[in-house]
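Hi everyone, thanks for coming.

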Amino acid sequence: MNRKAFALVAALAAFGAGTLSAPVAAQQDTEQFFPLLVYRTGAYAPNGTPWANGKQDYVKYVNATGGINGVKIAWEECETGYATDKGVECYERLKSKKPSVIDPQATGITFALTDKAPVDKIPLITLGYGLAASQDGGVFKWNFPLMGSYWTAADALIQHLAKKEGGLDKLKGKKIALVYHDSPFGKEPIPLLQKRAQMHGFELVLLPVTAPGVEQKATWLQVRQQRPDYTLLWGWGVMNSTALKEAVATGYPREKLLGVWWSGSEPDVKDVGANAKGYSALALNPHGTDSVLVKDILKKVHDAGNGSGPREEVGSVLYMRGLLIQMLAVEAVRTAQAKFGKGKVMTGEQVRWGLENLNVDEKRIGELGLAGLIRPIKTSCTDHMGSTSVRIHSWDGATWKMQPDWYEADKSVIDPLVKEAADKYATDKQLKRRDASDCAA
């Protein structure tokens, strides 16, 4: 597909077209097919677009550098508009092309696909989102919430607040509000926060915001009336910038406002600018263009006239998140090839094995061109997350500044919640936990 044709398809997508096909047609016997669910249209497009471009650029980069041990990647985008029903439609249409893994790109879509994945034998990568309990591979064989869940995110935020106050015991008597997207995504952290509130004696105030979040005046009136010591922002898309604007309007200190990693990107703060100074959010991934990998992508993809979006977007927070998601999908294929045959196209079942046996250690991180930017990720049969490492970055009025401290979710708090939720899911769905023989398969 030439650039003019690509522009025409993109324009059609902006007017609600359902899919955007790749310039490479899938040849299922010789190419590894990746469906790319995206939302480039609708209320969440400013955040969904750089995420999608990061994924697409990494696929192009892998192809430009020889493929996965010689196997080229075919791909096709499908527009969901962040709607669960459209996401399921995309899944049902694209699964006929024998995808090896799917990134649903939305928690609601993930919930809808979790029952389908075991039947169709297509693993789901939900990096930093999805169902928190799915880190338990003993029950959720086909779900992989790599690098963190909403429970690990909430735990890290409470640890950060405790550090600011001088210890977890200092949270007693404090009031912490959660302003959250009233959806499966926004509700996910609540069980962890309730557990922490019970443990440490702080009051948790729950303030839901109706999607997409453009109207929050009533919510921030409650914030002003409740006067919480801290407010956690669990938003996405336009909800985040609206929340920051309302915080400014009501005089709520931005230093007391902290966001999840989906509330800490450039689109969230650019319209607020200097007025958002002091706001902080979790940083699941690095950003910037200094890494070897990003420099290579600029050279081999963008300089070659094959970039998926504007050059200045490369290295932004959500672009990098999309890039990392696709990198881990490719690494899962590479890991599977080491067992089932280098230079071969891997099936969904084989890639699921690869996802369960990932070992992105320091050496491999260096080979990928990401030295010093992410921590090792090692999964197993029982651990489908692999890492809970996360930092905080703060908006200085013009850019995001990374803070040095790393936080790790407290397993003594997280693990019992995960097991309880996973056991309930297994009971409700009449599933049996995997045994040792299944883990070894």
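Let's start at one spot: Ser 308, which sits in the loop between H12 and H13. Before I go on, keep in mind that this is a predicted model.

Is Ser 308 buried or exposed? Its relative accessibility is 11%, so Ser 308 counts as buried, because the cut-off for that is under 20%. And what is Ser 308 in contact with, if we skip the neighbours within four places in sequence? The list is Asn 53, Gln 56, Asp 57, Lys 60 and His 302.

Two of those partners deserve a second look. The side chain of Ser 308 makes a polar contact of 2.9 Å with the side chain of Gln 56. Then there's Asp 57, whose side chain is joined to that of Ser 308 by a polar contact of 2.7 Å. Here's the part I like: Ser 308 and Asp 57 are 251 residues apart in sequence, yet 6.0 Å apart in space, going C-alpha to C-alpha.

Now hop over to helix H2, which covers residues 45-64. Val 59 lies in that helix. How accessible is Val 59? The relative accessible area is 0%, so Val 59 is buried. Leaving out neighbours within four places in sequence, Val 59 touches Ile 73, Trp 75 and Gln 326. For a contrast in distance, take Val 59 and Thr 382: they are 323 residues apart in sequence, and in space their C-alpha atoms are 29 Å apart.

Back to the loop between helix H12 (292-302) and helix H13 (317-340), because Ser 316 is there too. Ser 316 has a relative accessible area of 14%, so Ser 316 is buried. A polar atom of the Ser 316 side chain lies 2.8 Å from the backbone oxygen of Glu 313. Setting aside neighbours within four places in sequence, what else does Ser 316 contact? That would be Pro 50, Glu 266 and His 287.

Next up, helix H14, residues 348-356. How many of its 9 residues are buried? The count is 8, so this helix is mostly covered. Among the buried ones are Val 351, Trp 353 and Leu 355, and the list also includes Arg 352 and Glu 356. What does the covering? The cover includes strand S2 (32-38), strand S4 (124-125) and strand S5 (143-144), along with H13 and helix H17 (436-440).

Okay, a bit of backbone geometry. As a rule, most residues other than glycine have a negative phi, and most peptide bonds are trans. Here are some spots in this model that go the other way.

Lys 98 is in the loop between helix H3 (84-94) and helix H4 (107-113). Its phi is near 60 degrees, a positive value in a residue other than glycine. Gln 105 is in the loop between H3 and H4 as well, and the phi of Gln 105 is near 65 degrees, again positive. Which of these is buried and which is exposed? Lys 98 is exposed, with a relative accessible area of 61%, whereas Gln 105 is buried, at 1%.

And the peptide bond? Ala 211 and Pro 212 are joined by a cis one, with omega at about 0 degrees. You'll find Pro 212 in the loop between strand S7 (203-209) and helix H9 (217-226).

Let's zoom out and take in the whole chain. How many helices and strands does the chain have? There are 17 helices and 14 strands. Along the principal axes, the C-alpha atoms fill a box of roughly 60 × 55 × 40 Å. With 441 residues, a compact globule would have a radius of gyration near 22 Å, and the chain has 21 Å, so the two agree.

What share of the 441 residues counts as buried? The answer is 57%. As for contacts between residues at least 6 apart in sequence, 70% of them join residues at least 24 apart. The chain exposes about 17,400 Å², and carbon and sulfur atoms supply 51% of that.

Last one, charges. The chain has 54 positive and 48 negative side chains, and the centres of those two sets lie 2 Å apart.

Methods
Residues numbered from 1 in each chain as written. Predicted model: local features only at pLDDT ≥ 70, side-chain atom pairs only at ≥ 80, totals over all residues. Heavy atoms only, no water. Helix = DSSP H or I, 4+ residues; strand = E, 2+ residues; numbered from the N terminus. Rg over C-alpha atoms; globule rule 2.2 N^0.38 Å. Buried < 20%, exposed > 50% of the residue type's maximum accessible area, 1.4 Å probe, protein only. Contact = heavy atoms within 4.5 Å. Areas by Shrake-Rupley, 256 points an atom, 1.4 Å probe, with all protein chains shown as cover. Lys, Arg positive; Asp, Glu negative; His and termini not counted. Charge placed at Lys NZ, Arg CZ, Asp CG, Glu CD. Polar contact = N/O pair within 3.5 Å; in protein donor to acceptor, adjacent residues only side chain to side chain.
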